[in-house]
Amino acid sequence: MGSCAVEGGCPTDYIAIALSILSFTLLLIWSIFPFLLHKLPRTKASAFWLPLFQLVASFNLLLSILMSNHFFKIGKTHWFHSCYLWGVWVEGPLGFGLLLCCRITQASQLYFIFVKRRLPLIRSYIFLPLILLPWIAAAAFIHSMKPLSSRCHMKARWTIPVVCLHSLYIAILVGVTAAVHHIEFRFDELKDLWRGILVSAVSIAVWVTAYILNEIYDNISWLQVASRFLLLVVASILVVAFFSISSSQPLLSQISFRRRESREFRTMSQALGIPDSGVLAQSEPISRIDPNEPLDKLLLNKRFRQSFMAFADSCLAGESVHFYDEVYELRKIPEDDCVRRIYMARHIIEKYIVAGAAMEVNISHRSRQEILSTSNLARPDLFHNALKEIIQLMRTNLARDYWSSMFFLKFQEDSNVRSNEYELEQMTGWNFSPRLSSVHGTDDPFHQDHLLKTSGCSSDTTDL
């Protein structure tokens, strides 16, 4: 016990290592499961790279604890065993600091979007490095002063400022979370924020206790082994509990291997409970399509819109119709339901409007900037000008080819079949045989047979 307490390699060390590998594997599966299941395209927005940075920071945190607390028997002459590399840089700015900064960035996005009802004033790729600067400065200062012992421990006068830095960022996260706690979120954003605050506060308390015990009782072997075991186990729990994609990608947060109930939504409109969204209903009204009518009027017909969308997708130009469809679903949300309108507007902006979006639409710079710089994401006419441009674009590039395509012929055929079925249902509802024609009276060759077959029912009615 005495030798492995100093050099590493105790049985409890390997148990802790196994638990950390298991926790990070679960975290990796949890984070990539929705992308593998639905084969979603990779985007350049913060909705993708913020969770990615959380994964990197989680890996760095676990690896830094492994390397700086002597879990392995590695010669100290190796350059990669430096306490300042792992215990200062990787564990601080690239580990726990980056984790906290990612969550603060996500929380600040929620504050601007749902409280201020506008997109954040500072882009995430600028905001994140800015709030990470104090961690980098602190790591550079500690590295220059070199206060660590040969066992990577700090004295009390160094430990207290480091703990204060950790606590300051948790306090900032608490403050931003408190500013959005009154919003009735539709997904797990608020719950994930409070959970992150709880586990990070508990982790700091455990780490401080372990560092203090290591510093005061550094001659007790079993305490050294137990404290570093506890450090790695708590960090393994932290990285799993702290990770969240609900703030960045709320729709994907509903797709998880942990959810046994079937709550997988293909579109944001379905997830928000917008009526009559998603697949076509059997009761969808039947109407004839006149190609001479304006395209914007024809697109109000859901069956036509889906046929037109399938044609556009086959031409690799479906983003315009998909954009129209989602804006159409947004219009169904009442104007006083600001939270759902903001969810839908944010989804449309991230999917179709921002530069590099998965299905970026071709609109003018003026219309794009009007949407991105809006002061109210819930306003009804947010996408009005962009929608007019998209309809004109579809009328010019897609409509003419659609009328001569197999998609329109199939749509007409399906409409005729449904129309005939509807007329047949109406006829059977009139108590006529399916073989009867529209001829009535004495000209109908089946008129006499019909009267004989129904005479009993008619006589009963007469008696009544």
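Which residues in α3 meet which residues in α6? Point 2 answers this.

1. Basis of the note. This is a predicted model, in which local features need pLDDT of at least 70, side-chain atom pairs count only at pLDDT 80 or more, and totals for chains, interfaces and linings use all residues. Residues are numbered from 1 along each chain as its sequence is written, and side-chain values use heavy atoms, with hydrogens and water left out.

2. Helices α3 and α6. S46, W49, L50 and F53 in α3 meet S124, Y125 and L128 in α6. Contact here means heavy atoms within 4.5 Å. The residues of this contact divide into five nonpolar, two polar and no charged. Ala, Val, Leu, Ile, Met, Phe, Trp, Tyr, Cys and Pro count as nonpolar; Asp, Glu, Lys and Arg count as charged; the others, Gly among them, count as polar.

3. How they pack. Helix α3 covers residues 46-68, and helix α6 covers residues 124-145. Helices (H or I, at least four residues) are DSSP runs, numbered from the N terminus. The two pack at an angle of about 30°, with their axes 11 Å apart. Therefore α3 is roughly parallel to α6. Angles under 35 degrees count as roughly parallel. Axes are lines fitted to C-alpha atoms, for helices over the stretch in contact, and angles run from 0 to 180 degrees between N-to-C directions.

4. E326. Look for E326 in helix α13 (residues 319-331). E326 counts as buried because its relative accessibility is 7%. Buried means under 20% relative accessible area, exposed over 50%, and partly exposed in between (1.4 Å probe, protein chains only). The side chain of E326 makes a polar contact with the side chain of Y352, at 2.9 Å. A polar contact is a pair of N or O atoms within 3.5 Å; within protein, one must be able to donate a hydrogen and the other to accept it, and residues adjacent in sequence count only if both atoms are side-chain atoms. Leaving aside neighbours within four places in sequence, E326 is also in contact with residues including M344, H347 and I348.

5. R186. R186 sits in the loop between α7 (156-180) and α8 (189-216). R186 is partly exposed, with a relative accessible area of 42%. A polar atom of the R186 side chain lies 3.1 Å from the backbone oxygen of L272. R186 and G273 are 87 residues apart in sequence, yet 10.0 Å apart in space, C-alpha to C-alpha.

6. Cysteines. The structure holds zero disulfides (pairs of cysteine sulfur atoms within 2.5 Å). C338 is buried, at 18% relative accessible area. C164 is partly exposed, at 47%.

Key:
Parallel < 35°, antiparallel > 145°, perpendicular 65-115°, else oblique.
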